[in-house]
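Visitor: I am new to reading structures. Please show me how to start.

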Amino acid sequence: MEIMLNGVVKEVPIHFSIKDLLVEIGVSAERIAIELNKEVVPKSEYACRQLHAADQIEVIQAVGGG
Amino acid sequence: MSNVFEDDLLQIGQHSFQSRLLVGTGKYADFEQTRAAIIASEAEIVTVALRRTNLGQEKNQANLLDYLPEGITLLPNTAGCYTCDDAVRVCRLARDLLSGHNLVKLEVLGDPTTLYPDVVATLKAAEILVSEDFDVMVYTNDDPIVAKQLEQIGCVSVMPLAAPIGSGLGVCNPHNIVTIIENAEVPILVDAGVGTASDAAIAMELGCQGVLMNTAIAEAADPVLMASAMKHGIIAGRQAYLAGRMPKRRNASASSPIENTIAARRDRN
């Protein structure tokens, strides 16, 4: 199925969790925050939250800014 | 020496700070320079932005948060947001990223040329964030009415611009800044527009509780040296404000005694 990950279409298997997605893209959960369909997903829910077709996921981190 | 200055803390919400200089982390050559400039500035509150993780990057790529000095207070911003909804989303993400940290810098921009705030959207976003228990430090223009409204909504600090973000023009409308300060019951900080240490000192002499800056340090030829200069400018301006400046006079007032001089007396021409 297709999801939108940081604004780009990505193909993922069904029953894929947010944790599975992070493993696949090689991102550690420590220094990021995640939004699923414009709602923040707490880190404690990464393993249990399954993705669905057309889900919009944002993976964000802190960068330099003023 | 009196200890008036030593006891003079910046109070933001429930927290107090020795330093009245707040610095950003953008536009530096690298994270090492960012860190060195923050240390030289002795700032205790440091802003960061939130952006999409670059998913093409290598694993274990350096992260800004790992370079920031121990013990600083992070101030995540909503830079780049042009709508109330986006700014609120970014603050909620920041709270999760920073494990429940609720201090945020709200800015909702109006257009990319001026980077002036969209004050209508800013007021709306401030209301939502305050209702969600964020401590909101809010970037706004130098309009005293809007500044007061943001305070009444419950923002912990109101931060009018000195001049457009990144312009380095200095305090362009000191009269409005003073009016905002006179009306305020929360700390007023100048956010954006200072270019050099004297600009920071002027803002503090006007009675600002602090100054937030990024470009003035990061785009200096020697950012670390400028960070130190800004620290001194802020301290000088604050001390001058507390000391109370002398009145201005149109004509001269001799500093040496005018009596008993051997020189021939000169009356006014």
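Visitor: Which residues have the most contacts inside the largest nonpolar core?
Guide: A nonpolar core is a set of buried Ala, Val, Leu, Ile, Met, Phe, Trp, Tyr and Cys residues joined through side-chain atoms within 4.5 Å. Buried means under 20% relative accessible area, exposed over 50%, partly exposed in between (1.4 Å probe, protein chains only). Here the largest core has 68 residues, and Leu106(B), Met213(B), Ile217(B) and Met230(B) have the most contacts inside it. Helix H2 (residues 84-97) of chain B gives the largest share, eight residues. Helices (H or I, at least four residues) and strands (E, at least two) are DSSP runs, numbered from the N terminus.

Visitor: Where do these values come from?
Guide: This is a predicted model: local features need pLDDT of at least 70, side-chain atom pairs count only at pLDDT 80 or more, and totals for chains, interfaces and linings use all residues. Residues are numbered from 1 along each chain as written, chains are lettered from A and ligands numbered from 1 in written order, and side-chain values use heavy atoms, without hydrogens and water.

Visitor: How many salt bridges does the structure hold?
Guide: Side chains of opposite charge can pair when their charged atoms come close. A salt bridge puts a side-chain nitrogen of Lys or Arg within 4 Å of a carboxyl oxygen of Asp or Glu. Over all chains there are 16. One joins Asp96(B) and Lys43(A), at 3.8 Å, N to O. That pair crosses between chains.

Visitor: Is Asp96(B) buried or exposed?
Guide: Asp96(B) is buried, at 18% relative accessibility. Lys43(A) is partly exposed, at 30%.
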